[in-house]
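Here is a short tour for you, with the model to hand. Please take a look at it, and then we can walk through a few of its details together.

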Number of protein chains: 2
Amino acid sequence: MTAGGVIKRGGYHHGDLRQAMIDAAEAVLAEKGVGGFTLRECARRAGVSPAAPAHHFGNLVGLLTAIATLGFDQLSDAMEAAVAEAVATGKDRLAAICEGYLEVALTRPGRFRVVFGRLGLKSGDAELRAAGVRAFGILVRETKLALGRQVDVDVLTRLPSSYGDDTDLAEILFVWSITHGFSTMLIDGQLAPLEMQPGGRERLIALYSGRLMEMLLAAVRASTAMPLANPVSHG
Amino acid sequence: MTAGGVIKRGGYHHGDLRQAMIDAAEAVLAEKGVGGFTLRECARRAGVSPAAPAHHFGNLVGLLTAIATLGFDQLSDAMEAAVAEAVATGKDRLAAICEGYLEVALTRPGRFRVVFGRLGLKSGDAELRAAGVRAFGILVRETKLALGRQVDVDVLTRLPSSYGDDTDLAEILFVWSITHGFSTMLIDGQLAPLEMQPGGRERLIALYSGRLMEMLLAAVRASTAMPLANPVSHG
DNA sequence: TGCGTTATCTTGACGGCGTCAAGTTCGATT
DNA sequence: AATCGAACTTGACGCCGTCAAGATAACGCA
């Protein structure tokens, strides 16, 4: 992790500037947030001239895209880990990934905002796209499992445009909206007035893991009980 | 509205630079989004030097704060209008404000992002605070009404720190998370892959107004059916 | 081992940005 | 009509992202 990203390998040639820039960028994001984020500042921390990163990332957008890709990967890993733990402990899988999602947002809010914050990213970037598809695929898979559907194994690697089986789209959007909405509101300070009250942020998180997950699961289970009027075969 | 905000009243003195700057700012936000937003560009459109706005807004943050205040007001107005229409047509009030919320986000995504996008705002600003409290108060009021609670009339003007009656906080957060989450994901392009599919954005909006609202209302009604174990008196 | 190729990084410059200090204009008050 | 103060301009500062041209050193190949 090389905390702070202030490593400087050799003299003229850095050695691993790409990684050093990413480390520095995340340090800056953690310290100053998206607003105070600057390419020159990152280069400074990496011990390198302002123009050096261009060769590795093209431009600022390229650096942000690389970070966003990491963010998606972290999200996917955290959700899969949450599922694994849920399976081990008997906890609900869907609730587990929703809590994992929030935890990632809280752990690295800067990186999370790069992923979802509408700073420009390289929209065509293949790696970014793949990472996003993977993360979304986990959410789709778990929602479908919670609905009792048969899930194709390759749901994880399919392109977004081929989620053509819209059977459970409403439930998927429902789950994702709650999870993403609560996470963004919390890290973006929309709930700050509520955090001022006794119990603070922990109380809100407990409410999310507790009552909100109960309501979410109940809503999804209600969908299970009343399946489609015109069932669509899938597979 | 003075579309574009390119009015120029007199010669040296503008006449109503404050409003002209806000108009120009919103035009820029609509055209280029938050990324391409610049104080100098707004000043240019208002036909004024880059340093002129300082007297009215202090700095860039001040301008954004003024816009955010407008955004909260618009949100409140839209939600109240939605309630009024719902009362007239017999539609559900809570679903109405949730749909009004989304509609505001879709109509003015730039302004919406200024309100919620974690660009720095003047956190201490009294007007911004009041506007935010009003908007949040409407959401609180309608959620409580949907839960069958008796709602104090002055819930709208109370400071956030005195929403101390936490009785229905989970339901409030639940409703707000879905509404805010779906709205932000849609305008920030997270659902873009889904918009590519036949039906496009309209299909997603219909799903939101339809199935998602059904699920949301069902979840809230389920809370009504099973009230608190230890009811807390309020009032 | 020596040499050339090429990726990597520096230097210097450009225009644009937000903001400040000082000067200019002009409406309003008396 | 004189004056005062608010509104606006001018010019400058440091910082930003990016580019072109030059310096350096790692690496492949003889």
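This is a predicted model: local features need pLDDT of at least 70, side-chain atom pairs count only at pLDDT 80 or more; totals for chains, interfaces and linings use all residues.

A polar side-chain atom of B:Arg44 sits 2.6 Å from a phosphate oxygen of DNA strand C.

**Contacts to phosphate oxygens**
- A:His56 also places a polar side-chain atom 2.6 Å from a phosphate oxygen of DNA strand C.
- With A:His14, a polar backbone atom takes part, at 2.9 Å from a phosphate oxygen of DNA strand C.

**The surface around DNA strand C**
- There are 22 residues around DNA strand C, and those that come nearest are A:Ser49, A:His55, A:His56, B:Arg40 and B:Arg44.
- Of the atoms of DNA strand C that come within 4 Å of the protein, 62% belong to sugar and phosphate.
- By type, the residues of this surface are ten nonpolar, nine polar and three charged.
- Helix 2 of chain B gives the largest share, with three residues.

**Arg118 in chains A and B**
- A:Arg118 has a positive phi, near 65°, and belongs to the loop between helix 6 (109–116) and helix 7 (126–146) of chain A.
- A:Arg118 counts as partly exposed because its relative accessibility is 48%.
- In chain B, the phi of B:Arg118 is positive and near 65°, and B:Arg118 lies in the loop between helix 6 (109–116) and helix 7 (126–146) of that chain.
- B:Arg118 has a relative accessible area of 48%, so B:Arg118 is partly exposed.
- Most residues other than glycine have a negative phi.

Key
Residues are numbered from 1 along each chain as its sequence is written. Chains are lettered from A and ligands numbered from 1 in the order in which they are written. Side-chain values use heavy atoms; hydrogens and water are left out. A residue is near a molecule or strand if one of its heavy atoms lies within 4 Å of it. A polar contact is a pair of N or O atoms within 3.5 Å; within protein, one must be able to donate a hydrogen and the other to accept it, and residues adjacent in sequence count only if both atoms are side-chain atoms. Helices (H or I, at least four residues) and strands (E, at least two) are DSSP runs, numbered from the N terminus. Ala, Val, Leu, Ile, Met, Phe, Trp, Tyr, Cys and Pro count as nonpolar, Asp, Glu, Lys and Arg as charged, and the others, Gly among them, as polar. Buried means under 20% relative accessible area, exposed over 50%, partly exposed in between (1.4 Å probe, protein chains only).
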